[in-house]
Amino acid sequence: MYSKQTVLRNLTGLHARPASEFVACAKTFESKVTVKRLDIPDAAEANAKSIIKILAQGLSVNTPIEISADGPDEEAAVEKLVELVDSKFGED
Amino acid sequence: MRILKGNPVSRGIALAKVYVYKAFKADVHESYFEAGQEAARYKQFTDALAVAEEELNTIVTSLSADSPEKAKIFTAHIEILNDEEVAEEVKDMITSSRAMPDYAVDFVFSEFAMLLEKAKDPLIAARAADLRDVRNRVLRILKGEKEQNLSSLREKVVVVAHDLLPSDTATLDRAHVMGIVTEVGGATSHTAIIARSYKIPAVLGVPSATEIMKNGEPVVLDALKGLVMLEPERETIHEYEAKLVQFLEDEKQTAEYLDRIPLVASGERFYVGLNIGTTEPDEGFKYVDFVGLFRTEFLYMESEHMPTEDEQFAAYRKMLANAMGNPVTLRTLDIGGDKTLRYMTLPKEENPFLGNRALRLCLDMPELFKTQLRAALRASAFGEMQIMFPMVGTIDDIRAGNAAVEEVKAELRAEGIPFDEKINVGIMIEIPSIAMIADLAAKETDFASVGTNDLTQYLHAVDRMNPKITNYYQSSSPAMFRILGRIFKEYNKAGKPVSVCGELAGEPLAAIVLYGLGLRKFSMNASNIAHVKRTLSLFTQDETEEIAEKVMMLETQEDVNNYLKAEVAKREQKAKSATVAKK
């Protein structure tokens, strides 16, 4: 199990195209990947490979999140997804 | 000729043949299979997914070149199709619970759709429609039925359907779809939004349209008035052919007025408001100064149970968040014996429009009323809002309504729950008895808004639901303008805001008279905004006042309309020759 925290900085948040890119990226890894928002106590973990679960979280700009992975490529998965989030999905 | 009525959500006129579009109807029942078939049943599901993806890929490919925006809808559908959690849960229901694949698909997709609908962001909630769309696609494939769509039609048609889904509208053959009629849907439904963006005339909410209307029959669609004319006579066809030409010419000129600041020709400002009946985003918010009527009935009509305080609070907040900063007038529940709610039967009445309805019903059921008032007041902490009571006939009604508000305010204060302490509370004026004492009503209210539809009904003693007597329903009669003038005068004298949120405010001809009688706040459906702005821009304040004086002395509604049309035509002619002269 490997986890890392970051904050969504792109204006769209994890909606629309960024959500799609995020899920598509998560799916390239074998590990089980989850996202949890940190601004609500006891928030549920959402399967990062489920577009619907990710959308249903309503993760908007400035939401702190934790990305976790469990499996053979857990570290690579988390690092890659954090990098994607920090890149602001190409938004300015 | 037979005339059906509905809600005109996208303006226009169409003359074409009926095309009844019966989309696949999922008829799924809870059912299970015998042990031992797990693998085969699961394969049915995965096979269906594969076929669905193939269909979607074909659509995406065909759309990518010309309409990449539309292609995106289907790319999103492929994403949903490949959703890991959805697939896992369906698999689990099939292999562990031995649920039939169609039942499992229906159950899981519906669950996820509901999950999305709960999202605070309206854009995410709207994605639920896509999920249902994908569900229907998979269910249809499981049933072995072919794909039916509106993408290639042979002739010009008016599409008649129960409802249209995103996949139906995205591939719509716009060259051949001249009009849309559906059995369900309001002004902010998916179909309405698409129809307006494509500029396809649409009349929605026409009950049993798919059963009454027959394929290939000629039909005339008047999506200005919300009329669907079956078996039209030759004269009707000629009349509407001329109207269509006129309409298209007019639209071109009017569109330019949509985002203009509303001014009359002499430079005075008037204010345009929007009427809404859902919490969804509406393009109209951009072009208005306020929301003059937020109907709350949908919350009660669409729910399976009496909407709770928290549900209403969430809905009102969502509406305020979507309203783009426009101040909103929330109208408390306006139903009566003519409407049924799934969870509550109201006694049938001989005359529901004269019965225990709206505020009367609310005062009769204090718990229901207080729940709504609490939710509204709590929401008032999150945006500019005011509360309005419908069906007020006497000062007693006003006092009883106000007392209920005060009671709820005291409760909230005691509980330390924030709300807007200075919230305005006002009334709808739609019963002649309160119109006649508008001076007294103005003293006990913060504002008033005139519901001209009901006021016409009660002033003229015409049941507006009875199609036999529509010609008796005269909202532009001299009598109406006399009583309206009285209301505006008294409220203006008292320095209290007065608006019109009935249909009359959105009728350009009537709007001239209303302005002349002293009205400055006109609240209407989005489709009328540009028209009212344009027509009023032709008249100076003095001219409207003269016209209003004259109208009140005319004898019949026909005289009024002919006179107003002539006044508009005169000015349009002048404006036209002025532009020609400039060139």
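Reader: How many bridges join strand 10 of chain B to strand 11 of chain B?
Author: This is a predicted model, in which local features need pLDDT of at least 70, side-chain atom pairs count only at pLDDT 80 or more, and totals for chains, interfaces and linings use all residues. Residues are numbered from 1 along each chain as its sequence is written, while chains are lettered from A and ligands numbered from 1 in the order in which they are written. Helices (H or I, at least four residues) and strands (E, at least two) are DSSP runs numbered from the N terminus, and two strands pair if DSSP finds at least two bridges between them. Strand 10 and strand 11 of chain B run parallel, and the number of bridges joining them is 3.

Reader: Which residue of strand 11 of chain B is the bridge partner of Phe294(B)?
Author: Phe294(B) belongs to strand 10 of chain B, where it stands opposite Ile276(B). Strand 9 (residues 271-276) of chain B pairs with strand 10 in the parallel sense over 4 bridges. In strand 11 of chain B, the partner of Phe294(B) is Leu330(B).

Reader: Which residue of strand 12 of chain B is the bridge partner of Leu330(B)?
Author: Strand 11 (residues 328-331) and strand 12 (residues 385-389) of chain B run parallel and are joined by 4 bridges. Within strand 12, the residue that partners Leu330(B) is Ile387(B).

Reader: What is the average twist from one strand to the next in the barrel of chain B?
Author: Strands 9-10-11-12-13-14-15-16 of chain B form, in that order, a closed barrel of 8 strands with parallel pairing. In general, strands of a sheet pair through backbone hydrogen bonds, either parallel or antiparallel.

Reader: How many of the 6 residues of strand 10 of chain B are buried?
Author: A residue is buried if 20 or more other C-beta atoms lie within 10 Å of its own, exposed if 12 or fewer, and partly exposed in between, with C-beta atoms placed from the backbone. Of the 583 residues of chain B, 42% count as buried. Strand 10 (residues 290-295) is mostly covered, and its number of buried residues is 5.

Reader: Which residue just after helix 8 of chain B takes a positive phi?
Author: Helix 8 (residues 190-198) of chain B has among its residues the buried Thr191(B), Ala192(B), Ile193(B), Ala195(B) and Arg196(B). Their cover includes strand 2 (7-10), helix 7 (166-170), strand 5 (177-182) and strand 6 (202-204) of chain B. Just after this helix, a positive phi of about 55° is taken by Lys199(B).

Reader: Is Arg98(B) buried, partly exposed or exposed?
Author: Arg98(B) lies in the loop between helix 3 (84-95) and helix 4 (101-117) of chain B. Its phi is near 55°, a positive value in a residue other than glycine. Because Arg98(B) has 17 C-beta neighbours inside 10 Å, it counts as partly exposed.

Reader: Are helix 20 and helix 22 of chain B roughly parallel or roughly perpendicular to each other?
Author: Axes are lines fitted to C-alpha atoms, for helices over the stretch in contact, and angles run from 0 to 180 degrees between N-to-C directions. Angles under 35 degrees count as roughly parallel, over 145 as roughly antiparallel, 65 to 115 as roughly perpendicular and the rest as oblique. Helix 20 (residues 508-516) and helix 22 (residues 541-553) of chain B pack at about 100°, with their axes 7 Å apart. The two helices are therefore roughly perpendicular.

Reader: Which strands of chain A stand at the edges of the open sheet?
Author: The sheet has 4 strands in the order 1-4-2-3, with antiparallel pairing. Two of these strands have a single partner strand each, so one side of each is left without a neighbour in the sheet; they are strand 1 (2-7) and strand 3 (46-47) of chain A.

Reader: Which residue of strand 4 of chain A is the bridge partner of Gln5(A)?
Author: Strand 1 of chain A is joined by 6 bridges to strand 4 (residues 64-70) of chain A, and the two run antiparallel. In strand 4, the bridge partner of Gln5(A) is Glu66(A).

Reader: Which helix gives the most residues to the side of chain A that touches chain B?
Author: Two residues are in contact if their C-beta atoms, placed from the backbone, lie within 7 Å. By this rule, 11 residues of chain A are in contact with 15 residues of chain B. With 5 residues, the helix that gives the most to this side of chain A is helix 2 (residues 51-56).
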